[in-house]
Amino acid sequence: MWPALIVFISSFIIADGICTVYDCCIDTIYLLSFEDMEREGGPKYMSNDLRNGFGLDKADQEANASRRHT
């Protein structure tokens, strides 16, 4: 019984560590994306997939379309 308990506790600690690292990576991606969007000239270093994920290309197209109508 003791070896099973030790394996369970060890696996829990390892899984928690992996989830914490993953969480930090996702937070870093969001923070750097927002920093990139706030800089002058708009997003410069974002990949196309990340732009689509944030809906930036669609917003740019809608903004350009509304400028043409005015």
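Tutor: Let us begin with a definition: a helix here is a DSSP run of H or I with at least four residues, and helices are numbered from the N terminus. Please keep in mind that this is a predicted model.

Student: Which helix does aspartate 36 lie in?
Tutor: Aspartate 36 belongs to helix 1.

Student: And how many helices and strands does the chain have?
Tutor: The chain has three helices and zero strands. Read from the N terminus, the order of elements is α-α-α.

Student: Back to aspartate 36: is it buried or exposed?
Tutor: Aspartate 36 is buried, yet it has no salt bridge. The nearest side chain of opposite charge belongs to arginine 39, 5.5 Å away. A salt bridge would require a side-chain nitrogen of Lys or Arg within 4 Å of a carboxyl oxygen.

Student: What is aspartate 36 in contact with, leaving aside neighbours within four places in sequence?
Tutor: With those neighbours set aside, aspartate 36 touches Gly42, Pro43, Lys44, Tyr45 and Met46.

Student: What share of the chain is buried?
Tutor: Of the 70 residues in the chain, 9% are buried. The chain exposes about 6,300 Å², and carbon and sulfur atoms supply 63% of that area.

Student: New topic. Where is serine 47 found?
Tutor: Serine 47 sits in the loop between helix 1 (2-38) and helix 2 (48-54). Its relative accessibility is 41%, so serine 47 counts as partly exposed. Serine 47 and serine 33 are 14 residues apart in sequence, and their C-alpha atoms are 9.9 Å apart in space.

Student: How many aromatic pairs does the structure hold?
Tutor: The structure holds one aromatic pair. Tyrosine 30 and phenylalanine 34 form this pair, which is stacked, with 6.3 Å from centre to centre and 15° between the planes.

Student: How are those two placed along helix 1?
Tutor: Tyrosine 30 and phenylalanine 34 are separated by about one helical turn, because they are four residues apart in helix 1. Tyrosine 30 is partly exposed at 43% relative accessibility, and phenylalanine 34 is partly exposed at 39%.

Student: One last item: how many disulfides are there?
Tutor: A search of the whole structure finds zero disulfides.

Student: Are cysteine 24 and cysteine 19 exposed, partly exposed or buried?
Tutor: Cysteine 24 is partly exposed, with a relative accessible area of 44%. Cysteine 19 counts as exposed, at 51% relative accessibility.

Technical notes:
Residues numbered from 1 in each chain as written. Predicted model: local features only at pLDDT ≥ 70, side-chain atom pairs only at ≥ 80, totals over all residues. Heavy atoms only, no water. Disulfide = S-S within 2.5 Å. Buried < 20%, exposed > 50% of the residue type's maximum accessible area, 1.4 Å probe, protein only. Lys, Arg positive; Asp, Glu negative; His and termini not counted. Contact = heavy atoms within 4.5 Å. Phe/Tyr/Trp six-rings, centres within 6.5 Å; stacked < 30°, edge-to-face > 60°. Areas by Shrake-Rupley, 256 points an atom, 1.4 Å probe, with all protein chains shown as cover.
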